[in-house]
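The sequence and the structure are shown first.

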Amino acid sequence: MEYLLKNGYVVDPVNKIDCERMDIAVKDGKIVESVDESKAKVIDVKNMLVMPGGVDLHSHIAGSKVNVGRLFRPEDHYKDYEVKSGVRRSGVGHSVPSTFTTGYRYAILGYTTVFEPATPPLKTLHTHDELNDIPIIDKACFPLFGNNWFVMEYIRDGKLEECAAYIAWLMRSIKGYAIKVVDPGGVEAWKWGITSQDFDQEIPRFGITPREIVRGLVKVNKMLGLPHPVHVHTNQLGIPGNYKTTLKTMDAVKDLATGDRSILHVTHVQFNAYGGVDYLSFSSHADDIADYVNKNPHVTIDIGQVIFGDTTTMTADGPFEYKLFNLLRGKWANADVEVETGAGVVPITYSRSNYVHAVMWCIGLELALLIKDPWRVFITTDHPNGGPFTEYPRVFSWLMSKKARERVLKRIPRLARVRTNLKDIDREYTFYELAISTRAATAKILGLSNKGHLGVGADADIAVYNINPKEVNPSADYKIVMQAFSRAYLTMKDGEIIVKDGEVVAAPVGRTYWVNAKAPKDVEDVVIPEVKKRFEEYYTVKFENYHIPESYLACSAPIQPLEPLG
Amino acid sequence: MAKFTLLTGRSLTQGVGKEEGKFSERYIQEVSTCQIDPEDLKILNLKPGECVRLTTEYGSVVLRVAASTLVHRGCVFVPYGPYSNILIGTKTGGTGMPNFKGIPVEVEPAPGEAVPDIKELLVKTYGRVQ
Amino acid sequence: MKVVSAVVCPCCGNLCDDNEVYVEDNKIVKVRTECAVSSSKFLNYSKERNIKPLVRVESQLKPTTLEDAIERVARMLVEAEYPLLYGWSNTSCEAQKKGIELAEEVGGVIDNTTTVCHGPSILGVQDLGDPSCTLGEVKARADLIVYWGCNPSSAHPRHMKRYSALTKGRFRAPEQRKVVVVDVRKTPTARNATLFIQVKPNQDYELMAALKMLLQNEEIEEQEVAGVPVEQIDELAELMRSCEFGILFFGLGLTMSEGRDRNIDAAITLVRELNKWTKFAIMPMRGHYNVTGANQVLAWQTGYPYAVDFSRGYPRYEPGDTSAVDVLSRGYNDATLVVASDPVANLPKDAVKHLCSKPLAVIDPHMSITAYMADVVIPSAFVGIEAEGTAHRMDGVPLILKKVVEPPEGVLPDVQILDLILKRVRELKRGR
């Protein structure tokens with residue numbers, strides 16, 4: 001099938017195109033130089049914004065803890081449901097949508113690639129099963145390593161090559177994409193009831209510190225040449241004063257960087273940018289974090305923006321969720337996973353009139369606006385922790401319009417307004433910067449060279465928004481921005497029309513990416529049998545049953561590692 | 001006639017038996033036998049193997065009785081199955097779950113009666129003659 | 001003869017995956033397992049199975065072709081206003097997905113055996129949450145194991161040896177663990193307990209409330225609560241408070257007795273409280289080998305874990321209204337498809353009466369009691385023996401069940417049968 005999208009205003013930062021009137025030619029699922037206009041289907045997108053499909057690198061959409069959220073919050077779904085219609089299966093929202101609905105709603109936003117950022121290896125079969133049931137989007141999942149017994153033991157014993165071999169084996173066995181670290185060491189400590197783990201404090205019974213875990217894993221990542229940096233959720237999430245831990249974590253691997261390449265991605269930094277000593281003195285240190293990121297190219301971040309309203313927090317950071325439960329005293333789920341990691345789920349309503357929530361809301365935006373390089377700061381809500389992904393257009397409007405921010409600032413507690421910097425920030429994102437932060441840069445940091453741009457050879461994942469960048473001033477007309485980005489005029493995936501005027505018209509199966517990681521054979525030949533031996537002792541499943549066959553993925557898309565560095 | 005408390009539940013033999021088949025001798029034997037404490041049996045004037053009639057507000061069925069020291073005095077335990085369900089009601093109190101345990105039941109010896117054959121019981125209770 | 005190792009057993013929620021099955025000439029001749037139920041399943045599964053599609057003709061079940069049986073089931077579902085699709089716990093996640101698609105297509109209500117098993121547990125979780133863990137955490141760390149209202153020695157035979165009291169974990173040897181059993185009768189499990197507490201039937205809620213009070217150092221004025229002397233309750237409270245890692249396993253003793261989901265509320269509240277003093281978790285002892293999977297799949301595809309109604313074209317969930325026993329006892333449904341379950345054996349009499357009074361189709365490998373009463377019976381392959389499939393353990397750990405032998409000629413796995421029915425249903429609907 002050949003398509004020609006004519007007359008649109010194209011924003012393609014990878015190819016340095018900024019709202020230029022251009023035609024985009026699509027053939028056999030790819031962007032091509034040109035097509036025969038007489039044969040191709042011509043779609044006139046005059047005066048509309050044409051961008052690469054959105055690439056979301058951090059959104060909790062699939063797996064055991066997500067399903068705990070769905071299961072124990074029927075009230076999340078009652079008022080937000082989707083009727084079966086045409087190609088669309090029925091389903092529910094709101095903050096923990098069912099799988100079919102998740103795919104449809106992302107496509108309607110013009111997103112075409114979404115990665116699940118945290119999966120416990122032992123339960124990753126479940127994660128893939130849910131990913132298989134999310135239509136349209138391309139996806140992947142990040143296995144958790146920061147509290148893994150094997151990893152902690154190898155690092156403790158200085159056996160990094162063996163650690164790399166273990167991680168390579170695990171990554172390709174369970175079809176993972178990147179090394180994810182959540183509250184390194186802290187979740188293992190929580191399994192003994194300890195709820196706080198300091199970055200330089202020894203983890204009970206393991207004799208190493210989170211700092212050593214993070215450094216070890218960054219080195220391993222380099223050895224294995226994985227396409228994405230180590231993806232870290234730092235210790236002390238949610239705790240006043242935690243910005244210091246975030247800075248320490250970022251700085252801990254600075255010496256391991258080579259050149260300008262980012263080697264650490266720190267996620268949903270909003271939750272880790274707090275000052276003060278308690279919730280009364282709670283404050284924003286987004287400026288310190290932004291300052292560090294501005295000066296240190298080895299780090300990328302995503303913001304984890306808060307949206308006022310009801311949502312569900314869910315994370316592998318079990319101890320944090322326990323603390324949140326004690327604050328809110330509502331429902332609480334905890335799911336420690338043997339040998340590997342944990343999880344917690346707690347519903348929350350972020351309230352505009354709550355001082356702490358209001359400061360949190362400011363922090364996410366401060367981070368995005370104070371960090372100068374849009375190639376290193378990505379827009380997320382850590383769905384659904386900060387808010388549902390369906391609210392992304394609202395976040396865009398806040399970033400692109402000071403007026404939009406002021407409307408909210410007027411309604412938050414005076415103290416929150418006064419104690420944060422947001423009110424004094426004039427910067428407003430352009431469409432170009434928005435495209436970088438939500439598509440071009442995220443695709444790049446994930447190592448997806450065929451995504452996030454509209455150059456020849458790219459996957460034809462395209463989003464067209466009914467907004468004229470030459471006529472609309474996003475700063476004044478932020479409501480139009482919100483409306484336009486909420487319902488794509490056209491979403492195309494692999495050269496197939498998926499969304500027409502905000503309605504899903506096709507629901508093909510997306511790819512599941514994973515990295516076929518490898519370590520030197522002589523090391524693997526020693527490590528894997530060792531792991532097999534300890535398996536019986538540590539786990540309650542057989543070694544043979546841990547492996548996930550490639551055929552399990554509805555559409556497997558293995559990726560070879562990059563050339564390992566050093 | 002004595003007032004007891006009915007408990008229904010799983011038993012190992014019922015579990016093993018059901019894997020053999022629901023019409024297997026082992027399964028049917030197990031699920032048509034109720035267990036009562038030996039002291040209570042004495043009071044009821046019953047011997048193990050004899051027939052007893054159990055009646056709740058929902059239904060009545062004749063089972064064979066066995067002695068068991070694992071059953072609380074004043075209770076009668078019947079493994080889950082088509083026999084025990086004759087005695088169970090359908091009120092779920094808005095929870096979806098009927099009450100399978102702790103139901104008041106009347107227990108009386110049933111001399112001259114027999115434990116119904118499973119197929120007879122099904123036909124008599126639910127129709128659809130085979 | 002070939003040996004298949006690491007075979008996952010398709011019996012109970014333990015989902016043990018360390019069985020060895022010996023196959024010769026497409027027949028299982030020996031199985032190396034430590035469990036009587038598992039052994040029975042692998043060796044006896046084909047004793048009372050049915051391998052022919054059957055249809056009821058003049059009150060008798062007579063053989064028919066698969067095509068005819070599929071046709072009848074499809075017609076039954078299409079012609080019904082409000083069909084019930086029930087069962088699902090003894091089959092694969094793949095088959096469960098097809099069942100959901102089918103229920104959505106015909107606008108019926110889909111429910112699984114949770115509804116008469118751990119439904120109240122789910123209701124409790126939906127009220128208060130679920131402080132839990134995987135079984136390997138129990139193995140690694142637990143020094144206090146409480147079995148409340150459940151009897152693993154009978155219902156989950158290898159539970160203690162493989163996951164809890166009798167296994168050696170990284171941080172805990174068997175002799176460092178204590179077992180407490182709370183039950184209305186001295187079950188076989190209770191015989192091996194460090195402490196056995198006999199609670200009066202239907203009074204578990206009171207006992208848990210008393211425990212909570214003692215944990216919080218409040219005075220109990222009575223001499224005994226729920227038939228248990230207060231000193232004994234205090235003993236249990238002290239054990240719970242002073243352990244390093246405790247786990248509360250619970251079963252149908254709590255979900256089925258008076259109070260039902262309120263009993264579970266009390267249990268979850270107790271565990272939440274215990275986390276103030278120590279690390280404590282709770283876990284339901286799920287019965288069928290893939291009832292957990294049925295909840296998981298239904299939850300991720302529809303948002304709700306059981307009792308899902310599609311009559312308005314979108315998922316609705318109202319236990320007490322859309323749950324099988326209520327649907328049946330009130331006579332809401334006008335046809336039933338039963339898959340991998342035996343409701344005639346398991347549901348109360350009046351529910352079964354209605355079930356048998358309407359068109360009834362069964363897909364099952366066994367000649368189950370429900371199949372005996374059905375209008376159409378379609379034989380299926382045993383998942384985990386004759387067909388591959390995914391299942392979820394009681395703690396949510398997913399495993400792939402193996403195909404060890406070929407099914408008999410013409411006998412298909414549930415997922416394929418359901419797919420054929422779905423295709424035919426769509427054709428019939430289009431034809432209108």
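The sections below treat confidence, chain contacts, strand pairing, helix packing and backbone geometry in turn.

## Model and confidence

The structure is a predicted model. Chain B has an average pLDDT of 90, and 98% of its residues score at least 70. Within chain B, the lowest mean pLDDT of any element, 74, belongs to helix α1 (residues 12–20), whereas strand β3 (residues 51–55) has the highest, 97.

## Contacts between chains

Chain C touches chain B through 60 residues, which meet 46 residues of chain B. On the chain C side of this contact, helix α15 (residues 349–357) of chain C gives the most, with 6 residues. By class, that side divides into 27 nonpolar, 20 polar and 13 charged residues.

Between chain A and chain C, 47 residues of chain A are in contact with 48 residues of chain C. Several elements of chain A each supply at least two residues to the side that touches chain C, including α2 (99–108), α3 (124–132), β18 (332–336) and α17 (521–538). The largest share of this side, 6 residues, comes from α1(A). Its residues comprise 20 nonpolar, 12 polar and 15 charged.

## Strand pairing

Strand pairing also links chains A and C: β18(A) runs parallel to strand β8 (residues 129–133) of chain C, and 5 bridges join them. Here Asp336(A) stands opposite Cys133(C).

Chain C contains an open sheet of 9 strands with mixed pairing, in the order β5-β4-β20-β19-β18-β6-β7-β16-β17. β5 (60–63) and β17 (316–317) of chain C each have a single partner strand and stand at the edges, so one side of each is left without a neighbour in the sheet. Inside the order, strand β6 (residues 83–87) of chain C and strand β7 (residues 109–112) of chain C run parallel and are joined by 4 bridges. The bridge partner of Tyr86(C) is Asp111(C) in β7(C).

## Helix packing in chain A

Helix α8 (residues 243–252) of chain A packs against helix α9 (residues 286–295) of chain A at an angle of about 10°, with the axes 10 Å apart. The two helices, α8(A) and α9(A), are therefore roughly parallel to each other. From α8(A), Tyr243(A), Thr246(A), Leu247(A) and Met250(A) meet Asp288(A), Ile289(A) and Tyr292(A) of α9(A). The residues of this contact divide into 5 nonpolar, 1 polar and 1 charged.

Thr246(A), in helix α8 of chain A, is buried because 27 other C-beta atoms lie within 10 Å, and the cut-off for a buried residue is 20 or more. Beyond residues up to four places away in sequence, Thr246(A) touches Thr234(A), Val266(A), Val269(A), Asn272(A), Ala273(A) and Ile289(A). Of these, Val269(A) is 23 residues from Thr246(A) in sequence, with a C-alpha to C-alpha distance of 8.0 Å.

## Backbone geometry

Most residues other than glycine have a negative phi, and most peptide bonds are trans. The peptide bond from Gly93(A) to His94(A) is cis, with omega near 5°, and His94(A) is placed in the loop between β8 and α2 of chain A. The bond from His383(A) to Pro384(A) is also cis, with omega near -5°. Pro384(A) lies in the loop between β20 (377–378) and α12 (392–400) of chain A.

Two residues other than glycine have a positive phi: Asp501(A), near 50°, and Ala340(C), about 55°. Asp501(A) is in the loop between β23 (496–500) and β24 (503–504) of chain A, and Ala340(C) is in the loop between β18 (335–339) and α14 (343–346) of chain C. Asp501(A) counts as exposed, with 10 C-beta neighbours inside 10 Å, whereas Ala340(C) is buried, with 29 other C-beta atoms within 10 Å.

Methods. Residues numbered from 1 in each chain as written. Chains lettered and ligands numbered in written order. Predicted model: local features only at pLDDT ≥ 70, side-chain atom pairs only at ≥ 80, totals over all residues. pLDDT = per-residue confidence, 0-100. Axes fitted to C-alpha atoms, helices over the stretch in contact; angles between N-to-C directions. Parallel < 35°, antiparallel > 145°, perpendicular 65-115°, else oblique. Contact = placed C-beta atoms within 7 Å. Nonpolar A, V, L, I, M, F, W, Y, C, P; charged D, E, K, R; others polar. Pairing = 2+ DSSP bridges. Buried ≥ 20, exposed ≤ 12 C-beta atoms within 10 Å, placed from the backbone.
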